[in-house]
Amino acid sequence: MSILQKIGYWIEDRTGLSANLGPLIKHLVPPGAKWAYVFGSGTLFCFILQVVTGIGLSLLYQPSSEGAYASLQFITDQATFGKVLRGIHYFGASGMIILVGIHMIRVYITASFKYPREMSWISGVFLLFLTIAMGFTGQLLRWDSNGVWSAVVAAENLGRIPLIGTSLARLLMGGDTIGGQSLSRFFAFHVFLFPALMFTLVGFHLYLVFQNGISEPPKAGRPVDPKTYKKWYADMLKREGVPFWPDAAWRDAMFGSLVIIAIIGFAVLVGPPALTQPPDPSIIQTSPAPDWYMLPIFALFALMPPKIESIVIFVGPILSILALLALPFFSGTGERSPIRRPWAVFGVVCVVVFVGSLLVAGEIAPWSPRFKTKPLAQFVHYTNPQLERGTILFYKKGCQYCHQITGQGGIKGPNLSQIGRTWTRAQINIQIVNGASEMPAYGGMLTKTELDDLVSFLMAQQ
Ligand code: HEC
């Protein structure tokens, strides 16, 4: 016996690893579970990628309000592979959210949540919300103006919930206002609490897959009956089952690899989202632009009539969570085939269209300031130093997020390219100092010179 074999025997004798895990890998799965079934394991691949890259980022990240922004700049601009690492973590999060969504839609359309797999669905619902919570807390860790103001908006919304709102907001932020303590809290959520819950739930979710078996592809006219299903499933596996490895697992392995290659590709070619400006408490951003996967939620609240908002904030999430959790109990038996469940399919199409439209609305909405706008000073130059300073201030103070000049900037406020033709110095002064319903008042946030510079710059826009 070679020394390697001896080591192998010793490990197997003392741990029984392959005796116990071997059958799991070889366990029989229903035939015909083809490409539609790869999205769950695809999500798992993303999750592992997030854990690995997250640990990598945490080696350099400083979770303090003084250091966070600078440490991210260091990771992005100087650390070896830092930019790619951030990119993978960002696109990995996006990929995970997309795949969780597709996985869930697939499970719903093939009614795999029915008997005896109700607990798989329930643990999956919690995993869905944890995934979204990870995206949200991760965005704040960038500690740039976008992430910070997104958190503020979320806390303000939470605070509107009757009775418990204020306490919830305090729990989220670690105090009444956003600050270093909020960052510590989000860091702890993002790095310890949520991942610990996710590891446990993912383990449970996978255990259930082995315990109850993968659901067989549905067939019209073959309803699930709890009295006979388990025996029927076991017999069917004996007759037609194929070993998970290699017959079914190669698809998971191949799809997972493609997902990871795509994520790395995006990370290298597109790169992580640019950091917006460091958060400046003197700039009040009335509506920040969160990462794309949070946009539908933000869009929903922006488009809702303000009167019903505080009710919907309270009732909406509770109802949707309850509805999702209750689903397998209300329709836990019967037909699984989508052909026999046209209303279920129609419902899922409606949800997808609704969320998709909110996403588009959030992306193009005039109400969302454009944080990605490039500083005007890159395009417009003045020889007059005061006008030059005004150009810089116009971006630095956030005016450009909402106002366009010569094609650069957001469209939340009016285009100011020709403001000097119709407005007087005094009028512009008052507008900036007092603000308006949709524009922050800058009175206390600008020095006298800064105000003068801005007004002169705007007067020069003819
Ligand atoms: C959060 C978005 C937002 C920001 C930031 C913002 N504005 Fe505005 N601004 C608006 C909106 C919306 C209006 C018009 C509607 C109103 O008056 O309520 C407006 C109106 C104006 C007007 C009057 C123009 C007109 O035709 O009505 C001026 C001038 C102006 N803003 C200048 C500025 C300057 C200078 C800054 C930066 C110091 C700035 N704004 C920052 C949203 C913004």
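Predicted model: local features only at pLDDT ≥ 70, side-chain atom pairs only at ≥ 80, totals over all residues.
Good morning. P246 is found in helix α11, where helices are DSSP runs of H or I with at least four residues, numbered from the N terminus. The peptide bond that leads from W245 into P246 is cis, with omega near 5°.

Residues are numbered from 1 along each chain as its sequence is written, and side-chain values use heavy atoms, with hydrogens and water left out.

A further cis peptide bond runs from Y115 to P116, with omega near 0°. P116 sits in the loop between α5 and α6. For context, most peptide bonds are trans, and most residues other than glycine have a negative phi.

What lies 7.9 Å from Y115, C-alpha to C-alpha, although 110 residues away along the chain? The residue is D225, placed in the loop between α9 and α10 (229-240). D225 is partly exposed, with a relative accessible area of 32%; the term covers values between buried, under 20%, and exposed, over 50%, with a 1.4 Å probe and protein chains only.

I turn next to backbone angles. F81, in the loop between α4 (68-77) and α5, has a positive phi of about 60° although it is not a glycine. T406, in the loop between α16 (399-402) and α17 (419-422), also has a positive phi, near 40°. F81 counts as exposed at 66% relative accessibility, and T406 counts as exposed at 51%.

Now to helix packing. The axes of α6 and α9 are 9 Å apart, at an angle of about 155°; axes are lines fitted to C-alpha atoms over the stretch in contact, and angles run from 0 to 180 degrees between N-to-C directions. α6 is therefore roughly antiparallel to α9, a term for angles over 145 degrees. The contact of α6 with α9 comprises 21 nonpolar, nine polar and no charged residues. Here Ala, Val, Leu, Ile, Met, Phe, Trp, Tyr, Cys and Pro count as nonpolar, Asp, Glu, Lys and Arg as charged, and the others, Gly among them, as polar.

Finally, how are the residues lining the second largest pocket divided among nonpolar, polar and charged? The lining holds 29 nonpolar, 13 polar and five charged residues.

Terms used:
Helix = DSSP H or I, 4+ residues; strand = E, 2+ residues; numbered from the N terminus. Parallel < 35°, antiparallel > 145°, perpendicular 65-115°, else oblique.
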